[in-house]
2 protein chains.
Amino acid sequence: MLFPQSTYIQRRQQLRELVGEGLILIFGNNEAPMNYPANAYKFRQDSTFLYFTGQHRDGLVLAIDCATGQETLYGDEIDIDDIVWYGSVTSVAEMAAESGIAHTAPLSQLFTLNFSLLTLHYLPPYRHDNLLQLMELLGKNRQEVMAGRSQRLIDAVVKLRSIKSAEEIAELERASHIGYLMHTAAMRMATQPGMTEAYIGGQLDGIAASHGSIVSFQSIVSMHGEILHGYPSAAPLEPGRLLLVDAGAETREHYCSDHTRTTPISGRFTQQQRDIYDIVVDCHDLALTHAKPGVKYFDVHLDVCRLMTERLKALGLMKGDTEEAVQAGAHALFLPHGLGHMMGMDVHDMEGLGQIYVGFDAETRPRLDQFGTNALRFGRRLEVGHVVTDEPGIYFIPDLIDLWQKEGTNKDFLCFDRINEFRHFGGVRIEDDVLITPDGCRFLGSERIPYKAEEVEAFINK
Amino acid sequence: MLFPQSTYIQRRQQLRELVGEGLILIFGNNEAPMNYPANAYKFRQDSTFLYFTGQHRDGLVLAIDCATGQETLYGDEIDIDDIVWYGSVTSVAEMAAESGIAHTAPLSQLFTLNFSLLTLHYLPPYRHDNLLQLMELLGKNRQEVMAGRSQRLIDAVVKLRSIKSAEEIAELERASHIGYLMHTAAMRMATQPGMTEAYIGGQLDGIAASHGSIVSFQSIVSMHGEILHGYPSAAPLEPGRLLLVDAGAETREHYCSDHTRTTPISGRFTQQQRDIYDIVVDCHDLALTHAKPGVKYFDVHLDVCRLMTERLKALGLMKGDTEEAVQAGAHALFLPHGLGHMMGMDVHDMEGLGQIYVGFDAETRPRLDQFGTNALRFGRRLEVGHVVTDEPGIYFIPDLIDLWQKEGTNKDFLCFDRINEFRHFGGVRIEDDVLITPDGCRFLGSERIPYKAEEVEAFINK
C-alpha cells in the first residue's frame, strides 16, 4: 500500500456518504491474456479499486454496504501449487486487514447475493471479463449491464479522485521524473544516425519499466506528428524531419506522467519548422499564465486557439477575424484536439467513467457537433489540486486539408494555397503536466525537459 | 505480411482439407483495454489468425467455408476521424487481396449467418471479448461456448503449426538473437552494485521492444529462482545469491524466443552453487544428445530426471534406487516441471488450444495425478521441424520441502536433513531453444549465451 491505512478508510467513508444508499461494488482487475490464457500482459490494477483499497492483486472485488457501513473484500486464496509457481503471497484476509476492511469472502459468495432486492452501484466495466462477470451476476445482457452503471457512484468517484492530495502529488512528481528520463533519452537518440522510431519507442518502454512499472500509454514516436496517435515504425529517421515523442510512465503505484517533445532530427530546426514550433511554445506558455483556480479550462483552451489563430494569420496560413475564426472552429484544422486532460492514476484520469463526467459540468459542456471542440477532454473550472496537461499542437494533416479544401470548410478563414506549402511538414506538440495551486499553477517534476527551440538545440547538440 | 501470399493460401487450403466440412471461423484479436477503454496494451494479434492471414490489424475475423472453399475476411473500415488519430491504414479489401482472400464483409454481417444450420468450427476463445462475441453470435452462455470449440479444428491447427518451415525457422533465429542481447545484458547488469531485479526486468522489456515487438512473456528476474514464475521485485540484488533470469522476445512478426540463465551476483559461484549448477548444465547437455526425430520427448525428460537423481544422490540429497525414485516422482521435489515445451508464434506454442493436444498423443499422455509429471508440457515423439525448449532446473522450495517432509512424501528417496542445508539456496535453471533436425537437434540463434560455469564467470568478469 502506498498510503497509510487511514487514507483508504477515509476515502471509503467519503464514498459511502456521497453515494448514500445501496450496495457499492468496485471490481479490481483480473489478469489480461495476451496470446493464450496463462500468458498475460503485465498486471495493471484498476485505478479506482487501487484508490479505495491500495491492493495490487488480481481477482478482488470490494463491496460497501451504504446502509450498514459493512465492507467486504471478495477474493480467493491460493494453494500450494500456486506457491510453487508464484511464491507465498499475502492472503485475502491479510490484505483486508492491511486496508482496514473488516470482512472477507470467497468470490463465489458474490453469486449468493440477491441482486433483485438490492440497489446496486457499479462503475461501467471497461474490461470484458468484468463485464461478463456482471452479466452473469445480474443475469443481464451486455447492453443492460452497461446501461445499469451508477451515475451516483460515477459522480462520487470523480469528485474524490479529481482533487489530488499532497501525497498523491509527491507520487505524480516521481512519475514526472521518469518522464524526464524518457524524453531526454529520446531527444538524444533522435539525432543518432540510423536510428528508428521503433528503437526509441522500445527504449522508452524500458526506461518506464526500469524506473516505474509501465508506460502510461503506448508511446507515440513518429516523424508523422500529424498522426495524433502515430505508433513507431521500423523505418530509419530522416534528417530534416521532426520527431514527435508523446510518452509517459506509471510509477509502481500507477501514478502517471505524460509529456510531449518535438525534436529536429538534424539537430537544428529549419526556418519553416521554427516558425510553427515557436507558435506552439508561446501557446504552451500562455496556458500557464491563464490557468488558475476558478478559471474554466475551456476558456484557457479558447485563449490558446485565439493566440494560435493570430500567429497563423501572421504566417499567412489563416485570415479573417480571429474571434469569428475560433468560434467557427477554423483553427481545428491545425489543432483538432483540446488543450489538455486531467491526469492522475490514469493518464486520462478516470476516462473509463465517462470523459464527459470527468472533464465537464453543466456550464462547460462543449459542443459535440463541432470538429475539434468535440475532442476536448477537460473544460471545468480549475480547482486547487487538479492536475491537467497543457499540450497545444499544430499539425498539417494532408487528408484533412484535402477534405476541407474540397468541401470548402471554413474557407473564409483558411489560406489553402499557403497551407499546402506545409502539407509535408508533419506536426508539433509540446506537453507538460501542470498542478493547479492557490496562486495559479506549476509544472510537475523537479527538472524541466528542454522545450524552447534554443534549449532543445543546445541540449541535443551538447 | 511476413511470407509470400502463396504461403497463406496454401496453409488455408491445407486447413480446409484437414477439417473437411462446415464453416471455420478464426477470430483475430481486438485491442485489450488496460485501465480504460481507449488505453490499450500493445496490440498482439492472435497467432493462429496471423498464421493463416499474415494480417496484424485488430477487429478481423476469417471465415472459410469448407464445402465451397469460399473465404471471407470480416472487418470494419475506418473513417476520417480515425485517420486524424491513427493515419491512413490499409483497408479490409486491401488486406484481403494481399492475403489472397476473395471476399470481405463488415463485421455486422457475421450476425446475419444462421448458425443453427451450420456445422461451425472455432477455437477455444482465451480473450473475454471474443468469448462474449461468440456468446452473442450463437445465443449461448459461457460454458456452452467453451464446450462447443471444435476438436477437429484444434487438431488441424496443431498439425500444421507444429512443423516449422525454413522461413519460420529464420524468424525464430531472429527472435533468438534478441534473446541473446537480452540475456547477455542481464548477466552484465547482475553484478553491478545497487542493481535491482525490477531495473533489469525493465531493461529486458526495452531490448525486446527496441529490437522486436514485446517480451514473449513477463520476464522472470529473481534471486528466488525457486519461485518458478518469480516476477522482479524492487529490492537490491544481494551478493552471494544467484539471479535467475527467464526471458524472451517476440519479433515484430511474433515469433518467440525463450532462454534462462542463472548468474552469480558476486561474479563467482560458491562451491555449493557450483555443485548444483553443474548438474543442471549436464542435464541440459544430455537432453541435446538424446533429442532426435522419432524419440519421445517424454523419454528425454525421464533420462534427464535419471541423471539428475544420480547426481543428487552423489551429493547426498537423494538416496535409493534411481529408477524407483524417478518412477515415484521423488526428483520432482527439485524439478517440479517438465523438460520443455513447444515454441513458435506463442512462447508455449498453441497453449491456448489446449496443452494436452499440442504436447501429447495417445502414447505419450502423462500421468496427471503425479506432482511434477502433471506439469509436463510436451512429451510427443520429436519430428523434424519441431522447436522445443530444453530447460532443466533444480530448485529448493522451502514450502514444498516442509510439506513433503511433514507428510513423508517420497521419504525413501529424499535426504531431508541434507536438503535442509540447501533450503535458502534458491534455484538454478538453464534454458535454450532447440530445433529438431534430420540428424538430431541444434540450438537456435547464431550466438550461444554463455552457460557453462566457467564461461559465465569469464563473461561477467570481462
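**Where chains A and B meet**

Biologist: Which side chain of chain B meets Glu136(A) in a salt bridge?
Modeller: Keep in mind that this is a predicted model. A salt bridge needs the nitrogen within 4 Å of the carboxyl oxygen, and here the N to O distance is 2.8 Å. The partner of Glu136(A) is Arg142(B).

Biologist: OK, and how many salt bridges are there between chain A and chain B?
Modeller: Polar contacts across this interface come to 26 residue pairs, both residues at pLDDT 80 or more. For salt bridges between chain A and chain B, the count is four.

Biologist: Which helix gives the largest share of the side of chain A that touches chain B?
Modeller: Several elements of chain A supply at least two residues each, including strand 2 (33-36), helix 3 (80-86), helix 5 (128-138) and helix 14 (398-407). The largest share is 10 residues, and that comes from helix 9.

Biologist: What area is buried between the two chains?
Modeller: The contact takes 73 residues from chain A and 73 residues from chain B. Tyr36(A), Tyr41(A) and Trp85(A) supply 13% of what chain A buries against chain B, more than any other three residues. Carbon and sulfur atoms give 59% of the buried area, which is about 5,700 Å².

Biologist: Now helix 7 of chain A: how far does it reach from its first C-alpha to its last?
Modeller: Helix 7 (residues 151-162) has 12 residues. Among its buried residues are Leu153(A), Val157(A) and Arg161(A), and their cover includes helix 1 (5-19) and strand 1 (23-27). At 1.5 Å a residue the expected reach is 16 Å, and helix 7 comes close to that, with 16 Å.

Conventions: Residues numbered from 1 in each chain as written. Chains lettered and ligands numbered in written order. Predicted model: local features only at pLDDT ≥ 70, side-chain atom pairs only at ≥ 80, totals over all residues. Heavy atoms only, no water. Contact = heavy atoms within 4.5 Å. Buried area = accessible area lost by both parts, 1.4 Å probe. Polar contact = N/O pair within 3.5 Å; in protein donor to acceptor, adjacent residues only side chain to side chain. Helix = DSSP H or I, 4+ residues; strand = E, 2+ residues; numbered from the N terminus. Expected span 1.5 Å × (residues − 1). Buried < 20%, exposed > 50% of the residue type's maximum accessible area, 1.4 Å probe, protein only.
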